[in-house]
Amino acid sequence: MWKKIPTVTGYIPVEEIGVTSMHEHISLPDGFDRQAIEFQIKDLLYAKKLGLKTIVELTPSSKMRDVCKTMDAMKEISVRSGIQIIPCTGHYVAFSEEEKNFNADQFYQLWLEEVEYGIGDSGIRPGIIKVASGNTVPDIYETRILQAAGKLQKNTGLPICVHSVSGCRNQQDILERTGADLGHVYFSHVEAEFGWEGRTVDQQLNYLESVAEKGSCFSYNNFGNGAHTKPENLLKIVQGMISRGYSDRQFATMDLVLTGAEGEIRVLWDDINSGGRERTYSYLLKNALPWMIKNGVSKENVRKMVCENVARFFA
């Protein structure tokens, strides 16, 4: 097992990870590169004043980005903002025709090269594996990348983030069969109500508990996004997991994605949420964490979601 975490500017000891947002993106919309870079630096500087130290960047596939451009942008943003950025390897939900012919071992070898030699020609090594499933029951392609992720985690010690929304128990089963350490796996977006398959909030809590019992964690990002999760239900998920003994299995984050629209940078989902344009990196510390405390989550448990739980997960 490795003892230090790779970032875009070098390795850091686990104890220096600090307050961390566990599911974020450095976005470079076509034609808006420089505007997006300056926007993100400005907001990260503000977030740093509020206490943020690290973000985990989860845009894995070279098919989705110009690797050299993106790595250069990440380094610039990290250096100028002072925020540590942990990059990833892995794959998202879109498969090219070529990738549809890959087996799990081929994905594994591609990602292993990034772990050993760096992402593209950047020399920057990933600190986490990101995979995704767009289906409640993973299809054949999603199953292959989950199998590859489990094998890579088993052989390198890198933790895993799964873009989940729906079906995290099915995804966990595949990872478990592949030999992954489920204590170093977390499932994102499980609070999104459209992924509950018709379950009530109490039934969703029972479902999540069955996953947490095996050691895995969850990240929630719908703070201020009432279009995807009603605030009262998000709060009930957080408090419910705490009351069931899983306060150390939760992360709070934002999942910021920028788009270029109408000649300006915009925040994804801002059009369906009141105040949605404020849902940037800094929103986490400025709004989301205080909102939980105001509504009865203890300061200790809120801090766990961005600090202690993160360090334990990466350790």
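**Helix packing and selected residues**

Val201, Asp202, Gln204, Leu205, Leu208 and Ala212 of helix H6 meet Asn233, Lys236, Ile237, Gly240 and Met241 of helix H7, where contact means heavy atoms within 4.5 Å. By class, this contact of H6 with H7 comprises six nonpolar, three polar and two charged residues; Ala, Val, Leu, Ile, Met, Phe, Trp, Tyr, Cys and Pro count as nonpolar, Asp, Glu, Lys and Arg as charged, and the others, Gly among them, as polar. The model is a predicted one, in which local features need pLDDT of at least 70 and side-chain atom pairs count only at pLDDT 80 or more, while totals for chains, interfaces and linings use all residues. Residues are numbered from 1 along each chain as its sequence is written, and side-chain values use heavy atoms, with hydrogens and water left out.

Two packed helices are described by the angle between their axes and the distance between the axes. The axes of H6 and H7 come within 10 Å and cross at roughly 40°; axes are lines fitted to C-alpha atoms, for helices over the stretch in contact, and angles run from 0 to 180 degrees between N-to-C directions. The two helices H6 and H7 are therefore oblique to each other, given that angles under 35 degrees count as roughly parallel, over 145 as roughly antiparallel, 65 to 115 as roughly perpendicular and the rest as oblique. H6 passes H7 in a right-handed crossing, that is, with the near helix turned clockwise from the far one by less than a right angle, anticlockwise being left-handed.

Helix H6 itself covers residues 201-212; helices (H or I, at least four residues) and strands (E, at least two) are DSSP runs, numbered from the N terminus. From its first C-alpha to its last, H6 reaches 16 Å, close to the 16 Å expected at 1.5 Å a residue, the expected span being 1.5 Å times one less than the number of residues. Nine of its twelve residues are buried, so H6 is largely enclosed by the rest of the structure. Here buried means under 20% relative accessible area, exposed over 50%, and partly exposed in between (1.4 Å probe, protein chains only). Tyr207, Glu209 and Ser210 are among the buried residues of H6. The buried residues pack against helix H5 (168-178), strand E9 (185-188), strand E10 (217-220) and helix H7 (231-243).

The contact includes Phe107, Tyr108 and Trp111 of H3 and Ile145, Ala148 and Leu152 of H4. In total, this contact of H3 with H4 has ten nonpolar, three polar and three charged residues.

Individual loop residues complete the picture. His184 lies in the loop between H5 and E9 and counts as buried at 16% relative accessibility. Beyond its neighbours within four places in sequence, His184 is in contact with Gln153, Pro159, Ile160, Arg312, Phe313 and Ala315. Most residues other than glycine have a negative phi. His189, in the loop between E9 and H6, has a positive phi of about 70° although it is not a glycine. His189 is also buried, at 7% relative accessibility.
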